[in-house]
Amino acid sequence: MLHVSCFMIKELHNKLISKEITSVQLTEEYFARIKEQDKNLNAYLTLTKELALKQARKVDEKIAAGVEIGMIEGIPGAIKDNLCVTGVRTTAASKILDNYIAPFDATVVIKLEEAGAVFLGKTNMDEFAMGSSTEKSAYGSTKNPVDLERVPGGSSGGSAASVASGEAVWALGTDTGGSIRQPASFCGVVGLKPTYGRVSRYGAIAMASSLDQIGPITKTVEDAAIILSVISGEDKMDATSAQSPAKDYTKYLTGEVSGLKIGVVKDYLEKLTGEVKISFEKVVEKYRELGAEIKEIELPNAKYSLPVYYIIMPCEVSSNLARFDGVKFGMRAEDHEDTQLDFLPEDRNLIETYLDSRRYGIGAEPKRRIMLGTYALSSGYYDAYYLRAQKVRTLIKQDFEKAFEAVDLILTPTTPSPAFKFGEKTADPIQMYLEDIFTITANIVGVPAISVPGPTVEVDGKQLPQGFQLMGKWFDEENLLRAAHAYEIATK
Amino acid sequence: MLSKEEVQHIAGLARIGVDEKDLEKFATDLSAVLDWIEELKEVDVSGVEPTAHITGMQNRLREDKMSEFENKAEIINLFPDKKDNFGKVKSIL
């Protein structure tokens, strides 16, 4: 048996074309590994073995017939459970979608399928991607493979844990405020949030449409570049997808950063403490060594990113989650007589369907955000909240435009601390929200950002992964991946 | 601080049934976030245009053309309650 957990896409591709292993064997090995360890990790919500073996057999037939195969062909990966795969249960980790079988494919799923990828299953997440620890899943939390007492991060915690534990070669996540990068940082893997619009969002269960982006979680930067090359590109099904064709991002992984200007944010540096600070300083030093020019920059309005996010996101959430009402699909609650709203119109029947389906089908965190958004958008509050937040968003964007006149990339830690323990931050929502302090700005301004494992940090005598984040100019995934890759190979 | 009545009103607008015993917890949590985002009031936004689409994309028009969806039966299967090919809902009158 191969030690499948150690392999990256290109290595496995070479093993497939040299006929050292078949895609079916490889897929079976991953399912064996999932069977062995996922009862402890809970990274997967649904396994799609039948589909995976069918996809693998098709690739094996091509190889046997001497047909050339693509890089991702026959390589098993995992899909976050808020991305639709036809005929497969897609819950977004919510009870209200417990019985939802997707009748169509997300565009990213079509693209991966056409490229010949193998789908092992759907991964766990915080309900509707709302959370930073996967503790908010309606199906139990995922554990961090590095330390089972700690959270894997979130919301794409299942995807990050599956890759880190060798239960998948690659995985897809979604990122609205850090949901790809933060779990990648916590689990010691790579997570890429592309530029807003780089990847079609069609078929992703929407959380906050002006912030959501789909991206890969992988073991290496090269693997992330391979997946991005497959899933990016304009899509007529997503009017916000960028009008630029997909390209081969692996071409830009030269290992060179000399001449690149990398900015570090003065404000952020001052906030760092302890081991995370030491870890981050080592990363800065490494880039300097590799020939990048390090420059201090300022993003004076970036400090407002979190409050801006906690207005814009809930407003969009309240609108996007209105569709989960027990009418056309998903859970319809049994009738309950204890509804006490006194302002209801006479048509209590249908209203009660709504109220009770949402009361029993949706968890506390999405409810909080729906209500927050409903409040902020209600008559008389729109200007004070949503409109003001969108204006501050403009100011933050202008800060980035100015910064990017001086530098090519911006370097920050991914998270203020490494993976925390279960229950540590569940009591106070704001403590959990602060997890996203370094990642959220990239969503507010739409730039691409990647988390790469940096030097580990010691907590309670244990070495824990700690990621650093690079942010690039809009649609400049090339330099972003190039710099991330250069660090990775220099520190191997 | 939001009152329990205000939370009940917001929940009603959002079509979320809330148990009486949970109203206080929601009032506390929502108020904490609302206090926190008050910070934005200190920013001078006079003359600043709001940003809706971050990469500046403008309206993208397409032909208003119907296309056939293949998995109609699967969509119908998802109806929580149905009669033939119709989704059943409670009376609205």
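## Strand pairing and a chain contact

Reader: Which residue of β3(A) is the bridge partner of Pro76(A)?

Author: Glad you asked! Val118(A) is the partner of Pro76(A). Strands (DSSP runs of E, at least two residues) and helices (H or I, at least four) are numbered from the N terminus. Two strands pair if DSSP finds at least two bridges between them. Here, β2 (residues 76-80) and β3 (residues 118-123) of chain A run parallel, joined by five bridges.

This is a predicted model, where local features need pLDDT of at least 70 and side-chain atom pairs pLDDT 80 or more, while totals for chains, interfaces and linings use all residues. Residues count from 1 along each chain as its sequence is written, with chains lettered from A and ligands numbered from 1 in the order written.

Reader: Which helix of chain A packs on the sheet, touching β1, β2 and β3?

Author: Contact means that C-beta atoms, placed from the backbone, lie within 7 Å. Angles run from 0 to 180 degrees between N-to-C directions, with axes fitted to C-alpha atoms, for helices over the stretch in contact. In chain A, α2 (residues 23-41) touches those strands, and its direction makes about 20° with that of β3(A).

Reader: How many residues does each chain bring to the contact?

Author: Chain A brings 59 residues and chain B 46. On the chain B side, α2(B) gives the most, with eight residues. That side divides into 27 nonpolar (Ala, Val, Leu, Ile, Met, Phe, Trp, Tyr, Cys, Pro), ten charged (Asp, Glu, Lys, Arg) and nine polar residues (the others, Gly among them).

Conventions: Contact = placed C-beta atoms within 7 Å.
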